[in-house]
Amino acid sequence: MASTEETPAIPLTSYETALCVVPPSHLTGDIDRLRTLYDKAHGRWPPHANLIYPFVAPEALPQASKLLQSVLSNRREVDPIRLRLDNSDFFAHRRSNTVYLTDSGSDGLKALTQLQHDITDAFGGQSRASCQLHLTIGQSETDDLPGRQFLLEKVGLIPAVEWEVEELVILIRDRSQGLDTASSPMVVWGAVSLSGTPSPNPKALEYSSPSSLPAHSATTFQFSPSQDDSEEGKWNVIPKSPSPTGGKPIKSPVTVASYNVLVESPHPPPTERYPLLLQNLLSDAATADILILQEVADDFLSFLLQDKEIRLRYPFATHGPPDQAEIGPLNSLRNIVVLSRWQFRWEWLPFDKRHKGAVVLQLEHLGTFYDSKFFPLVVTGVHLSCGLIDSSIMAKRSQLQTVLRYLSGNYPNNHWVVAGDFNITTSSYTIDTALKRKSISAQGASVLASLDGMLTDAGLLDCYYASRAASSGLGNPQGRLDLGTSYEGEEGATYDPTENEHAARIAGQSFHSRPQRYDRVLVRGEEFQVLSYNLFGFPTGDESQLASDHWGVRATVKLDGPRSGGLESEKAPIAVEKAPSSLGGIDGLKECLREHQAFPSDEEITQRKEAFELIKQLVNQRDANLPADTRLDLLFEVVPVGSYGFGVWNSSSDMDVLVIGQVSPRTFFALMIAKLRRAMDSDVVLLRKVKAASGIMLELEVRDVRIDLQYCAATRVVESWPQSLELPAGDSTFDLPMQSLLKLNSLRDMHYLQRTIPDLASFRLAYRFIKIWAQRRGIYSSKLGYLGGIHITLLLARICTLSFRQAGTISAADIITTFFKHYAQFNWEKQVVYDPSFYKSPPRYFRPQREPLVILSQHQPKVNVARAASMPSTRTLVQEFQRADQLLSKQDVTWEQLAGSVENSTGADEFLKSYRSYAKVNVQYWGGAATKGRMLVGWLEWRCVSLLVDIHRKFPDIQARIWPARFTDMEEVDETTKEYQGCYLIGLTRESTPGATPLSDADRQSAQISLLAVLNSFAEQIREDENYFDSSSSWVDVSLVQPSALSGLRVDSSNWGNAAYDEASFDDDDGEIELDEDEELAQPRQRTIPIRGAKAVAMPEGAKLRSASDVLSRLRWDAEFDIEDYIVGYDDRFLGEREMPVGQWKADLTDEAFIPMHRILYFKRKSDGVKVWDRETRTDLLFGSGVSSKIQE
């Protein structure tokens, strides 16, 4: 050995070089996986253990290399040095901790330590190298004790790395890139074997960082049961095989589940939740073929994979249990792990952000064949960055782009399933509040809104939406209804701080504490059919503790079916139209809606919720003054319906509330009125009791909110609430009287639509705009034959379902554009509008000749909700649909123009200028009782429908259009006004027919005289009705005027005249409300029934006589009866008692031959002359009601 005294000392002071030991690359997989995430030096340093650092100056490396060779060639020990890194520990620094692997004290460590000292002595003994040989894995903050402990335990799970050290490696800092010292990488300069000879091909050069690869294949594990019952078996690595070239087509359904299992902190692990998580994953609701888990930690995976049922159900996994000796730890604190019943190969697709990436699986033997080539099913698990700030939104977009780009580039012809926690904020409240508070910018909100479009453009279909369109979704926890959701985007939430205590704790008391639909299962492939979708992870039984802050999601899909999972009941698919770019998409739409105050404010939302809760408390209030043993133990369910229940209301909307109970309507309303009278100083005020055709209704005012309270007697429904809403449509629970069923169906239909409209948030946006359009264009009035809320709902729901089947999820702007295009071209005369999800085939519907427009409800008895439409109103609707469609064909159209604004004028202003003449229906009232005047005005508006019908019947070439509002020239009108003067206007224009001969002056004058006769006849009919018209306090006439005579008129926006008129005169039961069969009367009552032309007869009071409308409906629709064998007897106002065949009876007031129901006297069979129903004798042989019920007893 050469004497060190003869060799000048070489300073060991340069941080540009290092002398180290580098383990073989095939042993560093687990090490490098962790270093990628936790070591700030990863990518700049290979995995190494420094012997001497700092080392020599770069220019002294040749001399140092020779000196090293000299030292090593003269080693006294020639035995191999085996190093074993099997222990984790840390160094504590002032600002950080360094966590490392080291040798726990093997002979190899001792030999290497001695060699370190020998080399240091040879270089002059000046080294500042640490005496502790270690391989750094990562760093943690000094004050982050849980983080340090977490990393220590993770490093401790790395299987022991043992190898024979064959060379010492010299590293040098690469300055060629012009980087600073901290950023410049350390590269291999050379190596010296322990024998003292230079290594021509240092093994350290074989090292390459997996982070440099865009995606890299990873190891699949399979559980192998033990042949010996005394052992548990173990998870083994499956040897990698070539890409699959053969397999079998997917014939049976494939079920994919995704569940975020929640890791809140690095240490200690939440082991108390592990049994609950396991229970959820083993539940029937979570059973799947492929299970994608997010936020999986080492100890949870070890716990999960030791369960026998899990191993039996899912024998294949992307990672084995970390506590198994030869299996290393997971990469991160929050990991994606996939379990499968089928074998797969997989790749890890890293994102730009550390700890983030996607798992991409190929099912090796399951897929599809095209042209005899096999394409395996590709399943991708994702967990995108969380947070609602601009940087996290941009990160989500980048991550989605990475996934979609990779899948499109590598698997363009395969079927995809993409599932996991997307962390895409969906609640409109959260997004809007973040914008107001400047937590996100407008650009950030726009990017967030574009993420769903990215998925749709890639051909991915959301199974949540598809299942709704196919009526196969089970989105809500059992026993919980999704009625009246306040904000868009909260339907189907998988992260719900309002229901989940873990989510509530994490979200805190902020605008983030709203329900979000973070977790999704998406599929791509034309043949995919979504069979079912459900959530899981809810507490069961008496359990109150929850396992995670997320609900799990599960979808079952099948190939060789329709793409959306829906039934193709339509002969021709709908043509989906893209909205013009000038509209500005969703952002422009929302801005337009905000300008029109289409969204309620936070204060209004709170006000409505409080009002609804007060009504619930009042309905269920018990009378404390009664003895306990006499208080009625009654069940009442109070539910919102209408616009509030559907979540499309605004500040001008009333609240519709339906109460379902066990007592009769008479008893319920008697109880309610008594409660209201006792609580005179309460916040609930009774405005009026209305007897309408649909039954009794109370108009209330609750804290300045108008509420219409209706009641439905349905004992079996309320006893099984809310499960009764999930019962099949034909269940015996719904064997109810017609009037009760119609009331209940307002709830049943709404509940069905809420579960089946694919994208309810987009539906609500579109609904709000279409309602504004209808209001501004003067076609929002169902009683005048135009559109009402239910009409828009059913028309729009059809568009949402059909467009989803055609093109998947589309934006609200595209839905609106498609809506107008479709109905502008719709054949209203021959086609029927119905829900394509509810009706599996076109429904059978007997369409009377006088119904020019048919929009069917869902549940039986299905009704045409547009039965009030007339030929004039239908013609007006078609013209407005076509006008909107034409506007949308212009590239510069705006939302304001589409909504009806023309140069800042309203639709009413345009109406007053658009016609050459108008029929002006004048009404004046000067009586002392304002209520009577309001009833006259309201009734007159309703009767104007018959005037439209008369004009069309006598003059089919005249287009008559009524504006659905009163006009007045009075300066001030409010509800206290006792004198009123106003008018209704009907615009009249003659349709131009190509080739038609112009009218001569004589013909024109004759037509005008005939038209005036129609108008005067209508006015006389109004003035003859003593129920509403009193010549001593009111006057009504109709005149034909020119536009010049309308100057000074304005739309009356007051509520004067909006009081519901008494339609009871058109109902045969005269508003009588009887007790149910189980409610006995103390004494039978006597009542006299006056019949025109007949002597009054006193009849004993029996059970309530079923109404004439019920009898008429049964004769029409019950297959047991031949309608041709029955006649109806009625009281003609001028001719007395008359008869006609039941099939010719006209029940609609707009029909020329309309006769009110209360004039029906009896129904009689032709074949034997027996009266099967008789009002006078209270006989009912069809239902057994009235006196017939006593006979049966």
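This is a predicted model: local features need pLDDT of at least 70, side-chain atom pairs count only at pLDDT 80 or more; totals for chains, interfaces and linings use all residues.
Residues are numbered from 1 along each chain as its sequence is written, and side-chain values use heavy atoms, with hydrogens and water left out.

The chain has 28 helices and 43 strands; these are DSSP runs numbered from the N terminus, with helices being H or I of at least four residues and strands E of at least two. Among contacts between residues at least 6 apart in sequence, 73% join residues at least 24 apart, and contact means heavy atoms within 4.5 Å.

Now for some helix pairs. Two packed helices are described by the angle between their axes and the distance between the axes. Helix α2, residues 61–73, packs on helix α3, residues 107–122, at an angle of about 130°, with the axes 10 Å apart. Axes here are lines fitted to C-alpha atoms, for helices over the stretch in contact, and angles run from 0 to 180 degrees between N-to-C directions. That makes α2 oblique to α3, since under 35 degrees counts as roughly parallel, over 145 as roughly antiparallel, 65 to 115 as roughly perpendicular and the rest as oblique. On the α2 side the contact uses L67, L68, V71 and L72, and on the α3 side L115, D118, I119 and A122.

What about helix α21, residues 812–824, and helix α22, residues 871–888: how do their axes cross? They come within 8 Å and cross at roughly 130°, which makes α21 oblique to α22. Here T817, F819, F820, K821, Y823 and A824 of α21 meet F881, Q882, A884, D885 and L888 of α22.

Finally, two single residues. Is R768 buried or exposed? R768, in helix α19 (residues 760–776), is buried, with a relative accessible area of 4%. Leaving aside residues up to four places away in sequence, R768 touches E488, L593, A598, F599, P600, G647, V648 and W649.

D457, in helix α10 (residues 442–457), counts as exposed at 70% relative accessibility. D457 and A807 are 350 residues apart in sequence, yet 9.8 Å apart in space, C-alpha to C-alpha. Thanks, everyone!

How values were computed. Buried means under 20% relative accessible area, exposed over 50%, partly exposed in between (1.4 Å probe, protein chains only).
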